[in-house]
Amino acid sequence: MCGVAAATSRTMKRQVLVISILHLSFVIGHVSFSIPEEMPKGSLVGHIAQDLGLDAKRLRSGKARLYTGDSTQYIELNRERGVLLIQEKIDRESLCRQTTPCALHFQMTLESPLELFPVTVEITDINDNAPVFQKEERVFEISESAVIGSKFMLEKAVDPDIGLNGLQRYTLEPSDNFMLKTHAQSDGSKKVEMILQKPLDREKQEKLSLVLTAEDGGEPQMTGTMRIFVTVLDANDNAPVFSKTVYKASITENSVTGTVVTKVTASDADKGSNGKVTYAIGNSMDTVSKLFHINSEGDLVLDGPVDYEKEKTYNLDIEAIDQGGLSDSSKIIIDVIDINDNSPTINMISTSSSVPEDSALKTVIALLSVNDPDSENNGKVNCVISENIPFEIQSTSNKFYSLVTDTDLDRERASEYNITVTCSDEGVPSLSSSVTLTLQISDVNDNAPVFQRSSYEAYIVENNTPGLSIFTVKATDADWNQNARVSYILEDSSVNGVPVSSYVSVSADSGVIHAVRSFDYEQIKDFQFRVKAQDGGSPPLSSNVTVKILIQDQNDNPPQVLYPVQTGGSVVAEMVPRSADVGYLVTKVVAVDVDSGQNAWLSYKLQKSTDRALFEVGLQNGEIRTIRQVTDKDAVKQRLTVIVEDNGQPSRSATVIVNVAVADSFPEVLSEFTDFTHDKEYNDNLTFYLVLALAVVSFLFITCLVVIISVKIYRWRQSRILYHSNLPVIPYYPPRYSDTMGTGTLPHVYNYEVCRTTDSRKSDCKFGRAGSQNVLIMDPSSTGTMQRIQSEKSILDEPDSPIEQKPPNNDWRFTQGQRPGPSGPHMPYGTHIRWTPKSGTRATGGPEVAMGTGPWPQPPTEAEQLQALMAAANEVSEATATLGPGTMGLSTRYSPQFTLQHVPDYRQNVYIPGSTATLTSNPQQQQATAQQATQQALPPPQASAQPEPPKAAQTPASKKKSTKKEKK
């Protein structure tokens, strides 16, 4: 039980009835609920999932829904909670009127699998309507002579409620002259009559006022009233009387307006106007009064449409009234006769748009309900479906049908069905209606691919190119979509011990068979393998087929001579006696061709012969025979060249040399063949050596060319690196000089390697180009700077400037200790630097010569070299102030902005870029250095890896020595 409290706190009752339908693939359960009317929207009706034993998840997964047909849906389903709720407020009176019980009938359906649950919700009545009279007042004219017991029919009150909430009783006040009497009728209503219980006297009271009250039995009680006014008239002794207390009649539904249903009669014993009777229908407030009227003759006439499906019986209260105000009442019961005027109504409760082809028998495809509101045979319905389809329709319960599968489905036979359901009633004439359902049959992978042929044979000519397409196998699958997608697979097997995959391959999509290798008919003539076709279903289905590849011969082999055997070291000769007759068999050339068919048919021809008139060769058998008598004039040595050709297109041939000795004895033959020269085939060897020589020469040429280009590129890259560099000159002083003369002059030209940048032309020192006669002349008489001398006249830039060099002085001779060591790796671009004053003598040393520091103990770092060079360049601007006559010294003073704290003391010695000389202003040290230089020889040059220094420009003294050397 589940309680739902409304204003009346009534209790709902529910009944759950579960019915098992064993012969179907789904179960129908019936559940009933009871609720009061006028419940607000959203109120709980009942826990349908709990009552049916279902889980809320099942409601969601099965897409549970309510089916109400064409009627208004007052109840809604909450899937999440599994409950029924009020969707629209329900008024029992407007829904069912006086019908009891009043209930809503609908169905709840579930999918996957299909399930149907009929649901009934009974609507109970509450006292929400008071009894109501159609008229608020009623007027009677009653004669004073009316006898006691005279009856006057009153209008009934109407209460839409039922049961205790409906109309229960009437009261009349005051009750001095009249009393109330009620009569129960067959339809459950009560006829109300006012009975005269005390005579009237017009002279005492001409008018009376009464109140009729109708009461129901609900809580709280509700009432309705009507006022009755009675006018007392003078004498009318007899009241009208109906011939029958109850009249019965019948009428067919859909009868036309104006049809006379029945005729009633009432008689009055009075005469004149008091005996004239009129008729009236007492159901003035009911809808019945709108369907019928009764005329003065007592004919009951139809005024509106009558529908058996809406109302099967009509009860009319009629009244006969005379002119004196007296009346009588009677009742007419009208039965409506049903006709077959309604076709069956088909409603699809649940349908499936598609069903898999492997569905089991009796699988439910659709659920439908059929309703025919007609009665008896007119409402009996039979449903059928189209013929020759694998379905049938079954009646599951009253008015419900299911469409199920009857036989196995096959999508490949029919992928779609249009199922027409026709329902007919048993009326006369029979009425029917139909509905068409389109059902798709979904595919399952139940068909394996099928090849077009049971086996395949394909031909391919030998010597094919790898990858050549040989043949195409084709398989079809009757399934659809992915289940019909066919892939081709080469099954594993072997041919002569070799995997077949090394011979052929199969395209997985198209089934094209390709040759993996080039075939040779002489090695393999045919082979076979199996190809599997597999679809894309799950699980996949497959079939296979045997493919045989036949290799066709090609004339790719020349004939091979088996006899006579060709040897390179000895001579084989056939002997023919001089007495041989015509047709004598000399020998037979035996040859074979490994090809087949016409390609192996051989023919023999005599190509060359010492004596063509002596021998012939059989065209087919290769037999060499004499064609004339051998004579003494025939040479002993006969040389025959036989060509063997096959019959291929194009034909191939081979030649054989047959040596024939025409002699009667072996010694004669031996003496003749001792000097027989054997032809040797030098052509192949000669060609081989020529090709080899050409390859070697080409290789050497290309190698030399690559080396030359690499060297050129290397030098060019080095020059470009130096060209783009802005670093100052860092000199390098290799020990490549020696001094063997002690005469005080410089007989040898010193060669130094330096590193120059693109800014070398702008420095204070001028570097001569290699191989030229350019010299840098330092004029001791000049008081300007080196830059000014250069800017005044830079004739040294001319490559062929004829400057005559003066004989050297011994002022520039240095000891080994005075020469600075190397400061880095060898730099490219060696150059000649010669320092010669215009007077022809070397400048003497300054006073700082004695303070020289000698060679550097370690090569200076690049930072030290850079700082030293910048300091030396700064001193150049002050050089002329400290240079005396014949002196090439620089001041020992440094500019204040250069403080070389981490560099060796270079103030005593200034190293000129490009030279190993150390310039100093100490004349004593210069003289001591010159004497020491004559006693010590310079170390020999480095290994041959270092380039030899270029020779300096010749002096007049050295020109004579070089002339003598050239003469020698």
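Tutor: A residue is called buried when its relative accessible area is under 20%, exposed when that area is over 50%, and partly exposed in between. The model is predicted, and the values below are computed from it.

A general point comes first: side chains of opposite charge can pair when their charged atoms come close. The cut-off applied here is a side-chain nitrogen of Lys or Arg within 4 Å of a carboxyl oxygen of Asp or Glu. By that rule there are 20 salt bridges. Some of them are taken up in turn.

One of them joins Arg 169 to Glu 215, with 2.9 Å between the closest N and O atoms. Arg 169 belongs to strand E11 (residues 167–173) and Glu 215 to strand E14 (residues 207–216), so this bridge ties together parts that lie 46 residues apart in sequence. On accessibility, Arg 169 is partly exposed at 42%, whereas Glu 215 is buried at 15%, because that value is under the 20% limit.

The loop that leads from strand E10 (151–154) to E11 holds Leu 164. With a relative accessibility of 62%, Leu 164 is exposed. Leaving aside residues up to four places away in sequence, Leu 164 touches Asp 216, Gly 217 and Gly 218. Its C-alpha atom is separated by 9.1 Å from that of Glu 219, a residue 55 places away along the chain.

A further salt bridge is formed by the side chains of Asp 410 and Arg 413, at 3.8 Å from N to O. Asp 410 has a relative accessible area of 23% and is partly exposed. Arg 413 is exposed, at 57%.

Next come Arg 530 and Glu 491, whose closest N and O atoms are 3.7 Å apart in their salt bridge. This pair links distant parts of the chain, 39 residues apart: Arg 530 is in strand E42 (residues 526–535), while Glu 491 is in the loop between strand E37 (486–490) and strand E38 (494–495). Arg 530 is partly exposed, with a relative accessibility of 35%. Glu 491 is also partly exposed, its relative accessible area being 22%; that value is not under 20%, so the residue does not count as buried.

Salt bridges can also share partners, as they do in the network that joins Arg 92, Glu 93 and Asp 125.

Note on methods. Residues numbered from 1 in each chain as written. Predicted model: local features only at pLDDT ≥ 70, side-chain atom pairs only at ≥ 80, totals over all residues. Heavy atoms only, no water. Helix = DSSP H or I, 4+ residues; strand = E, 2+ residues; numbered from the N terminus. Buried < 20%, exposed > 50% of the residue type's maximum accessible area, 1.4 Å probe, protein only. Contact = heavy atoms within 4.5 Å.
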